[in-house]
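Me: I have a structure open and I'd like to talk through it slowly. Could you take my questions as they come?

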Amino acid sequence: MRRIRILRPLRERDFALFWLGWTVSLIGDGFFLVAIAWQVFDLWNSPTALAVVGVAETIPIVAFVLVGGVVADRFERRKVLIFSSTLRGVAVAVLGVLSITGAVELWHIFVLSAFFGAGQAFQGPAAGAIIPDLVPRHLLVEANSLAQFVRQAAFAFVGPALGGFVVHSLGAGTAFLIDAATFGFAIVTLLLLHPRPAAATSEGVTSVRRDIAEGLRYVRQKVWLWGTLGWALAAIFLVYGPFTVLLPFLVRNELGGDAGDLGLVFAAGGLSAILVSLAVGQIGLPRRHITFMYALWLVACLQIAAFALADVPWQAMAISFAGEGCWAGGLIVWVTLMQRVVPAELLGRVKSVDWLLSLGLAPLSFAVTGPLAGWLGVKPVLLIAGIGASLLTALFYFLPGMRDTETPGHTSRVILSEPLEPAAAPVEDPDGLLAGARQGQ
């Protein structure tokens, strides 16, 4: 374990438990990824159907995520994760029962997706803020690399591959129930963590509105924060709906694939992300971390356009392999930079702003994807979305002040990958902003 740096965070008992529960839960979510698309298309074989499901899920996220960030900073994040996992697990279990009994209708899926999204609004900020609570600061790069490794290995590789087989062989309802069971396992591991005090300590009770305003004010002060979140708002509007809705439709209706093929398309991207996460965990991050992050995300956006060039499922698998690792590598930089710079008592709220702006236009992305695909065709929409997002990525990279945290000699410079020994020279932190402690999904 000493030689394999990415495994070092597993020496921390609480992180190892969290990692175990999260791994199992993410495998179940990989089942869900394939099952929900196949279930919806069985009921209504149109991109619009899955787009409406996406709208139903993301509207509650956008509506409640800022409150979720306040909750994650005011209360013990472990308990917030237990609540959110319970809500999401119950929604998926009900969906599984309805599917197996043959009673499921589209409106059931819309309603249950809304409850699932509401749980995600609290889960996202709490999970994104809990890792610095579980590992020391000098292990954050390894911990985030391991978290991305798990996410991709479980959610994007093993889960979809097995989920595609289960959906093909046993039906979507069985896959939903397996996912619900994995939520139960994750809740058990969270219960075994050592109780922790509330993340924030305040001299007096403040209003939710004031807490939210404090998080937004902090974001506005950092170009790398508000600039990248502005990019995410626009770029994810372009790619989120096409990837989530049109890729499954493309595999099923234009490439002649089945549920197993769709699972393998997702799994190929997961394998790529696994390899990137392992490499970053072992080697560390470059000092030009912003440049590294934006370069990877530019390639990842081009992946969406490349799907339009596929003629058979194996080509979509190859494109997925080429692009998904780039998303993962960029996310490791992004999450680590936030955890190293944002004060611990603000991290949940800043993560909630991240979620809000990243998914703020996702409902609209879903809403326009179906009609646009019906008008222009699936492949033209994928081309426009991917090329447009990649051009936006290049433009935001050149925002004045975007690269301050990687510029030698700048007062805001941060070196994300520390030497192997924690006692080595500390990272430059003239503003006194580095948090001393702890993250999630």
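Me: Before we start, what kind of model is it, and how are the residues numbered?

Reply: This is a predicted model, in which local features need pLDDT of at least 70 and side-chain atom pairs count only at pLDDT 80 or more, while totals for chains, interfaces and linings use all residues. Residues are numbered from 1 along each chain as its sequence is written, and side-chain values use heavy atoms, with hydrogens and water left out.

Me: OK, rings first. How many aromatic pairs are there?

Reply: The count comes to 15 aromatic pairs, where rings of Phe, Tyr and Trp (its six-membered ring) pair if their centres lie within 6.5 Å, and planes under 30 degrees apart count as stacked, over 60 as edge-to-face and the rest as tilted.

Me: What sort of pair do Phe-32 and Phe-176 make?

Reply: Their ring centres are 5.7 Å apart and their planes stand at 55°, so Phe-32 and Phe-176 form a tilted pair. The pair links distant parts of the chain, 144 residues apart, with Phe-32 in helix H1 (residues 13-43) and Phe-176 in helix H6 (residues 172-192). Helices here are DSSP runs (H or I, at least four residues), as strands are (E, at least two), and they are numbered from the N terminus.

Me: And is Phe-32 buried or exposed?

Reply: Phe-32 counts as buried because its relative accessibility is 12%, and Phe-176 also counts as buried, at 0%. Buried means under 20% relative accessible area, exposed over 50%, and partly exposed in between (1.4 Å probe, protein chains only).

Me: What about Tyr-397 and Phe-398, how do their rings meet?

Reply: The ring centres of Tyr-397 and Phe-398 are 4.9 Å apart and their planes lie at 75°, so this pair is edge-to-face. Tyr-397 is buried, at 16% relative accessibility, whereas Phe-398 is exposed, at 58%.

Me: Which charged end sits over the ring of Tyr-397?

Reply: That of Arg-403 does, 4.7 Å from the ring centre, and elsewhere the charged end of Arg-252 sits over the ring of Trp-38, 4.9 Å from its centre. A charge sits over a ring if NZ of Lys or CZ of Arg is within 6 Å of the ring centre and within 35 degrees of the ring normal.

Me: Switching to helices, at what angle do H1 and H5 pack?

Reply: H1 and helix H5 (residues 140-170) pack at an angle of about 40°, and their axes are 7 Å apart. Axes are lines fitted to C-alpha atoms, for helices over the stretch in contact, and angles run from 0 to 180 degrees between N-to-C directions.

Me: Left-handed or right-handed crossing?

Reply: H1 passes H5 in a right-handed crossing, where a crossing is left-handed if the near helix is turned anticlockwise from the far one by less than a right angle, and right-handed if clockwise.

Me: Which classes of residue are in that contact?

Reply: The contact of H1 with H5 has 21 nonpolar, five polar and two charged residues. Ala, Val, Leu, Ile, Met, Phe, Trp, Tyr, Cys and Pro count as nonpolar, Asp, Glu, Lys and Arg as charged, and the others, Gly among them, as polar.

Me: Could you pick out a residue from each of those helices?

Reply: Pro-160 lies in helix H5 and is buried, at 0% relative accessibility; Pro-160 and Leu-33 are 127 residues apart in sequence and 6.8 Å apart in space, C-alpha to C-alpha. Ile-27 lies in helix H1 and is partly exposed, with a relative accessible area of 24%; its C-alpha atom is separated by 8.5 Å from that of Arg-151, 124 residues apart along the chain.

Me: Last topic, how many disulfides are there?

Reply: The count comes to zero disulfides, taking a disulfide as a pair of cysteine sulfur atoms within 2.5 Å. Cys-301 is in no disulfide, and the nearest cysteine sulfur, that of Cys-326, is 10 Å away.

Me: Are those cysteines buried or exposed?

Reply: Cys-301 is buried, with a relative accessible area of 0%, and Cys-326 counts as buried at 11%.
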